[in-house]
Amino acid sequence: MPKIPLWDLPELPKNQLPPHLYLQKTRVFCNNDAPTHTENIHYSGAYAALGVDNSLRLDEFRKNFKVKVIKLNEEDMEFDLIGIDASIANAFRRILISELPTMAIEKVLVANSSSVVQDEVLAQRLGLVPIKVDPRLFDYMSENDVPNQKNSIVFKLHYKCDRGSGERRTVYSHDLKWLPFGSEYVLPTESSSDSTSKPKTYTSFTSSQDSLPEFANNPITVTPGIIISKLGPGQEIELEAHAVKGVGKTHAKWSPVATSWYRMLPEVILLQDIEDDDAHKLVKKCPVNVFDIEDVGRERATVARPRSCTLCRECIREPGWEEKVALRRVKDHFIFTIESTGALPPEVLFTEAVKILEDKCERVITELS
Amino acid sequence: MSPLGECPLDPGGYFVVKGNEKASVMSSTEMTKSKTIIRMEKEKVYLVLNAFTSKVPIMLVMKAMGMETDQEVVQMLGRDPQYATLLLPSIEDCASIGIYTQLQALEFLEKKDEGALGVLRDIFIPNIRVGGIKSPVRENNFHLKCVYVVVMLRRMMDAILNKDAMDDKDYIGNKRLELSGQLLSLLFEDLFKSMNDQVKFNVDKILSKPSRSSRFDVSQHLLKESITVGLERSLSTGNWDVSRFKMHRKGMTQIVTRLSFIGAFGSMTKISPQFEKSRKVSGPRALQPSQWGMLCPCDTPEGEACGLVKNLALMTHVTTDEEEGPIISLCTCFGVEDLSTLSGEELHSPSSYLIILNGLILGKHRRPERFANVMRKLRRAGKVGDFVSIYVNEKQRCVYIASDGGRVCRPLVIADNGVSRIKDHHMRELKDGVRNFDSFLREGLIEYLDVNEENNALIALYEGEATHETTHVEIEPFTILGACAGLIPFPHHNQSPRNTYQCAMGKQAMGNIAYNQSLRSTVSLNEAMSDGYLDLPFGLSSTAATDDENNRAAGQNATVAVMSYSGYDIEDAIVMNKSSLDRGFGRCIVMKKISAAYQKYDNTSDQFSSPCRSQHDQIQILDNDGLASPGEIIRHQDVYFQKECPIDPKGSMKSHPSQTPYRTSKQTYKGAEGETAVVDRVALCSDKRNNLNVKFMIRHTRRPEVGDKFSSRHGQKGVCGTIVQQEDFPFSERGICPDLIMNPHGFPSRMTVGKMIELLGSKAGVSCGRFHYGSAFGEPSGHADKVEDISETLVKHGFCYNGKDFLYSGITGMPLQAYIFMGPIYYQKLKHMVLDKMHARGMGPRQLITRQPTEGRSRNGGLRVGEMERDCLIAYGTSNLIYERLMISSDPFEVQVCRKCGLLGYINYKSKTRVNFKNISRFLLS
């Protein structure tokens, strides 16, 4: 190898990483044995020796950041978050799961339950039923608060299976009836005292909830069709369920999402031209049809739908194929999915999550300053 | 059965004694009670019999039984000079003491022991009746006994000449299982005879009186309930003390463990040996090849009873006694020649075989194979009992027919010339419900073989493997496993001790007991646990597929990620997902029974008591009758039962019941502080003494907490190490978040490959929507899915073929640096929970006598600073702490001492005077 003086070496482009380092910085390499380069490089001076500034610039972020909604309906939402760090995307995910408040049944007053389902189990099942109500209209109920129309929702469930019918009946979540006036059960200590005044119940609602403008023509319901219990002949369930506001951190029932998660955008690269038989083999290998064949004189494999790659690694399983196909993940492109339980539409959930993160940041800033 | 509140799937097999379910443990025996031993000592052969005080030369016995000529004995032994040479010293010995005739021999024996002839006739080999089977005409015809002794002699000599002829003591065919029926019949016989004796004694006493007032009636003197009480006592304590039969056994019955259905089932198939377990022998503990298909190779406890306590396999049948008479007459019909018609020479003639029925020599047959085949045909046709075994032993030149009880046998498909008798149309009829197992048996498609007869059979594992010589085909290979081992998916991929561990652990798993489990508790089961949220395993195991066990599952499908997480997962601990627990994973319900009674006194009795409402909170859960009402939440120190007791229970007879003074008596609930239980059910019943009994079932729903024990079905137990929020858990590309995380270090040393395959199979099963099967040895027959097929399914649904997923860390949000093996595994919650075990105390109760802290958790006892703890404190140098622990915290006692006389001061209890109280000084004893 001929000696080349240092000053004769080609000039590295300024402010630009060499391609292999750029790839390592921006992509996760999903090799056959294990993924590599999974970590983000955050240190601003990581590439200082190369003359590249690695610090995060707000204007850069503003320029590059993009949100693209792929799918949106009442329950699910899939959207792309492009040009954002994994830690922030993860923060949204974490907040969605555990810090967004919803209403959920917390207290169940069982008047009568003769079904085979034990009271505690029944209560637990009721707790997990999503309530379709905007939690922002309610307050948290702290320890020494009395339940009132601003912090609790009361449902009634009275279901009976007649002895004569000889059939089993199923109790569904939509059998829960909203009681806008609060609890109907009278506190036991109050029952004997003065009968003239209104007897005290388990809740102290000052006004009916359906008189509030939000609920006037919009009664509070729960997600229908969830089986709560089954009753045999002669069995009966009579109970009141009190829902309060809470967050998923305390109990999963307050989580507004079934789950929410993201995945990084898959990137499938053909390192070599794959032609003819190999191309057909490759197309056949992929269970989710990532590859296609294009006819340019000879048949050549192309990557048609990289987004649908599930990373089954079938294409690089056989020895030798890892040199032909590279599976990567784009580190700053997140395909984010939110599956709402029904309390709030998924897009609202996300904006709420952003607000919470904002609050948190502000709190940090105020604490610091 | 269900309208009566009984579970239709309950297998039975246990006794209900005094409200407890007791299963009798089968015991395997090797020897019968009276032993006859022929032993060779210093080249001379002796007979050892307990009835004789010392050993007797065998030739003497032969002569005493009328076989006077030595030639006859040698002739019966066989022509081979080897046998004669071996017997020669014995013959010489006999001649040297000058005994030649029967009379001389009897006189000689009589000198040593009285009634020698009687012993020879009645106790020596008692199964041979003197006089022959069919001709009891001539008394004291010892010919058959002589023949038997000679056969015994010959067997012994065979063993000397050729070690191969030795019998194997651990061979299952030489063992008999003793079932509850036999045990009970012994017990009954003893009790019945005792009762007869007692009745006779009583009646004699009465009849011996010279004048009787009333007419004599025996029925008046029959002892009531003596048999019932005796049976009940033996069954409830498990002690079988039958002095009449010199039988003293302990632990013959066990309480059926009702934790899960399989656990209860497993305790009923248990077999324990009769000899003591402390013996350090390896022979009986080793896995016997003859155990194949009869006893489970996996299911045995660890520790001292390892290999001795066994369990039945799935298809095993234990025989019961069958009538011998018809078989004997059949044998003679088919050409068995009675021994008495044969000369000695013919006894061991090589051309014919001895026919032996249950250890009784019937005679000889010239064509043994044909005889055996005829007998077998008769059995298949149902003319002889299904469980009669015909076994041709070519080495011993014998045909053994067995119809006795206690043999283990199992069904096999009969094959003619290697072609199975069960054809496709039979199976179709079985599926349509036209046929059942019994009809297969009746039509001679299937037959039961015992361990001995299996030696005559050539059994093919699968129909396809059958050759021309094959006589039988296995029904299904996994039937070699027992009920507990059958629960393991892919057990044939696991390291064998893991399956053994799982067999022990499966009995501790909590699950559905029976369909009537919500009604059961009134039968006093102290702690029933059941899981409110049970799943069927996605990956099914052998018995789960065949049994209808699925309805009574004992676990849940957990999505498991095999990875390291947080350091709280070392030493087999598992990390659990809090949201999964919130949603109901691993919850269980613990039932506890407490009872109370309304006592009856001479003329008064306890009364119901209505609680006074305005009182303190503790009585809130009481109903108006003073009993806690079902559905109420019960806390520590709550009153659950209140009654009115008469202050003076002896009571004056005169006063009217309404005037007797009463006081209120309460019973308070003692549970863990802060734990809220619920009164599940209140049952009223009357007990033996006709008192009104109240039983409260207290139910407590528990969610898993740190320290609770869980286990997969592969002997991989672990405690919950920590509980982590869902958002901190890793999640996959499809948003799947595991329910628990298991440390990968659990795999290499345990080699539970079956667990990995279970994970793969379950994952494939979940994605394609059908159950995957993991029967033992099931791959060739299609009862277990092959890993290749599972992988194919996984790939088809977009998973990696090896079950490893690309996971993102829930904490950093970045992908993990490895693909994680993740999928559903069936997890069981075991009965060991921290809530039942955790214990700590500061000041607390002390024992009355010693004033030392009490012992044990149940008495809120102290924790001992033992020798090793002391060593630690010494090493650490905390001498004051040792001083405090050893001197101050435990035994200090303050006394008053007289300064002058030095005696202890005390208060005289009776006269209330103070003794030695002048010049008093306080003194601390410690």
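Contact here means heavy atoms within 4.5 Å. The model is predicted, so that local features need pLDDT of at least 70 and side-chain atom pairs count only at pLDDT 80 or more, while totals for chains, interfaces and linings use all residues. Residues are numbered from 1 along each chain as its sequence is written, chains are lettered from A in the order in which they are written, and side-chain values use heavy atoms, with hydrogens and water left out.

**Figure 1. Overall view of chain B, with 23 helices and 45 strands.** Helices (H or I, at least four residues) and strands (E, at least two) are DSSP runs, numbered from the N terminus. The C-alpha trace of chain B spans about 100 × 95 × 65 Å along its principal axes. Among contacts in this chain between residues at least 6 apart in sequence, 68% join residues at least 24 apart. Of its 926 residues, 48% count as buried (under 20% relative accessible area, with exposed over 50% and partly exposed in between, for a 1.4 Å probe and protein chains only).

**Figure 2. The open sheet β4-β5-β6 of chain B, with antiparallel pairing among its 3 strands.** Two strands pair if DSSP finds at least two bridges between them. Strands β4 (36-41) and β6 (56-57) of chain B stand at the edges, each with a single partner strand, so one side of each is left without a neighbour in the sheet. Strand β5 (residues 44-49) of chain B is joined to β6(B) by 2 bridges in the antiparallel sense, and Leu47(B) stands opposite Val56(B) in β6(B). Helix α3 (residues 81-96) of chain B packs on this sheet and touches β4, β5 and β6 of chain B, its direction making about 75 degrees with that of β5(B); axes are lines fitted to C-alpha atoms, for helices over the stretch in contact, and angles run from 0 to 180 degrees between N-to-C directions.

**Figure 3. The open sheet β29-β31-β32 of chain B, in which 3 strands pair in the antiparallel sense.** The edges are taken by β29 (607-608) and β32 (662-668) of chain B, each having a single partner strand, so one side of each lacks a neighbour in the sheet. Strand β31 (residues 639-646) of chain B runs antiparallel to β32(B), and 7 bridges join the two. Tyr662(B) in β32(B) is the bridge partner of Pro646(B).

**Figure 4. Arg57(A) in the loop between β2 (35-36) and α2 (58-64) of chain A.** Arg57(A) counts as partly exposed because its relative accessibility is 43%. The C-alpha atoms of Arg57(A) and Leu81(A), which are 24 residues apart along the chain, are separated by 18 Å.
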